[in-house]
Amino acid sequence: MSVGANATKAPAELFDTILVLDHGSQYSHLILRRLRDMGIYCELLGCDVPFADIPFRPKGIILSGGPASVYDAEAPHADPAYFEQTEIPLLGICYGNQSIAWRLDPMNVIRSDHREYGSAEVKIHRVSSHVDRLLEGVGESMEVWMSHSDKLGSLPENFEIICETPSSPFAGIAHKDSHVFGLQFHPEVTNTPCGGQILKNFAVNICGCSPNWTMSNFVDQEIARVRKLVGEKSQVIGAVSGGVDSTVAAQLLKTAIGDRFHAVLIDTGLLRLEESQQVKETLQEHLGINLTVIDASKAFLDALAGITEPEQKRKVIGNLFIDFFEKEALRIEKDAENTPNAGPVRYFLQGTLYPDVIESISWKGPSATIKTHHNVGGLPARMLNGEAKLQLIEPLRELFKDEVRALGRALSIHVDDLVMRHPFPGPGIAIRIIGEVTPERVAIARKADHIFITEIKKAGIYNEMAQAYAGLDSNKAVGVMGDNRSYGYIIILRAIVTTDFMTGEPYEFDFKLLKKISTRICNEVHGVSRVTYDCTSKPPGTIELE
């Protein structure tokens, strides 16, 4: 695609885009995943964003589900302008469907005589070519996934029924003349086998989206955007941690502006075993990226002393990161004073991903902050309001993890061990230690993690999980070693299977392997008496411990 005239535009301005308005549903991000997997670009905004303030022109709008009832006093309600406009097609899912009906008449939505959670069989109604478009190609009946306690008690005026169940006679509705549709069930979940076809019908056939969202197209436009933003002389400094996100972001900047990009690894004392050396080999030797390593372990560990609250940990780390990067930026500028093509360091690169943004931003509506990511909510206010010397540049901000891996391959990062490497959080081991972070506890967690990952790789199952690590509990437990009583820490093993990192399931280990790992950790890591395996899915848990 041609990007010369569009070099400063965001993806939503370059690709046909579906807007998803979030009402707090645990499934909202799945709508994005299903559509992006089809090559259709989409973005998520809180339902409290006014129609006039949408930062791009969507081809279609989807209203997500949500846990509230539309008639509750504190229920989230989107700007009426979304419903009053007639040019952009609208699809309501579950709560979104009820919201459409409630806007027309509050009496349209009632409390169901029984809650409906799980699979249901819907009967398709065939009415007219206009009304039937949403359910084209799905047969006369289909299995769907329901998750609701309210339902439509009557058919809104000028709407037709497009599908029903015995308990939900208005399980699907469509306006007779305009492009407004509503579904009581969730097409975005895999439990609705025809859900992908339904979403495609809406995005492509009804909204007219072209399925042209590919990493090769994104690479071209993002490189052009970065070059236009940075200019011909400005320099960029970037945080790298050895994880796939920061590595791919660094390779993108190096491709865009060459040696004017400076990767910086701050050794916080919270890295994995031999992490600094591995990052040097990866970025300097394999990818040819400028890299500086700063040993700041004492400063970070001193700052974290006595802190046990997770959010405070993240903010302390985020603030310290920026302090060190601002100092490094001044050093780079001074060293480049006599270099003709080297200007000031004006930008700060981060490998922020879309799940980071979704989990970190608390909208005024129903969505809640799950945890602050150090590279989103953990940054100093001056970095977010534009007052800092360094301005943020986040080329991966609209991408999910699997898209970042695809981007890495598109940027010729062909080392599979690198592209498929498990993520490592910017705050490092600090958020894998429950409670206070001390040098002793860091050393224990680091050694246990190394044993865990080593055994996973030996077993040939490393790529079967998306993220695995060993964390450390704040409690101790009694054990027996060499006929003597021991009193040591508890190691928590965590391994998650996921593609988008918004939801995840625990990896199902062979029990013999878990026993082998446990034995090694207890025998080889001084100060540990027990090893447990965290089998909590996400939700209700998060992937990291803190």
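These notes cover the cores, a pocket and some helices and strands of a predicted model.

1. Basis. In this predicted model local features need pLDDT of at least 70 and side-chain atom pairs count only at pLDDT 80 or more, while totals for chains, interfaces and linings use all residues. Residues are numbered from 1 along each chain as its sequence is written, and side-chain values use heavy atoms, with hydrogens and water left out.

2. Main core. The largest nonpolar core has 120 residues. Ile491, Phe509 and Ile521 have the most contacts inside it. A nonpolar core here is a set of buried Ala, Val, Leu, Ile, Met, Phe, Trp, Tyr and Cys residues joined through side-chain atoms within 4.5 Å. Buried means under 20% relative accessible area, exposed over 50%, partly exposed in between (1.4 Å probe, protein chains only).

3. Ile521 is in contact (heavy atoms within 4.5 Å) with Ala448, Ile451, Ile491, Leu493, Val528 and Val531, leaving aside neighbours within four places in sequence. Another core, of 41 residues, lies apart from the largest one. Leu32, Ile62, Ile162 and Phe181 are among its residues.

4. Second largest pocket. About 590 Å³ of space lies in this pocket. A pocket is an open set of points on a 1 Å grid over the protein atoms alone, where a 1.4 Å probe fits, with protein on both sides within 12 Å along at least five of seven lines; lining residues have an atom within 4 Å of a point. The volume is the space filled by probe spheres set on the points, which are joined across faces, edges and corners.

5. Its lining. There are 22 lining residues. Gln278, Asp417, Arg421, Lys457 and Tyr462 lie nearest the centre. Helices H8 (275-286), H14 (416-419) and H15 (439-458) and strand S15 (467-481) each give two or more residues. H15 gives the most, with 5. By class, the lining has 7 nonpolar, 7 polar and 8 charged residues.

6. Helix H2. Helices (H or I, at least four residues) and strands (E, at least two) are DSSP runs, numbered from the N terminus. In H2 (residues 28-37), 9 of 10 residues are buried. Among them are Arg33, Arg34 and Arg36. Gly39 follows H2 and has a positive phi, near 90°.

7. Helix H4. Of the 10 residues in H4 (95-104), 7 are buried. They include Tyr95, Asn97 and Gln98.

8. Strand S11. In S11 (residues 261-267), 6 of 7 residues are buried. S11 pairs with S10 (residues 235-239) in the parallel sense over 4 bridges; pairing takes at least two DSSP bridges. Ala263 in S11 is the bridge partner of Gly238.

Key: Ala, Val, Leu, Ile, Met, Phe, Trp, Tyr, Cys and Pro count as nonpolar, Asp, Glu, Lys and Arg as charged, and the others, Gly among them, as polar.
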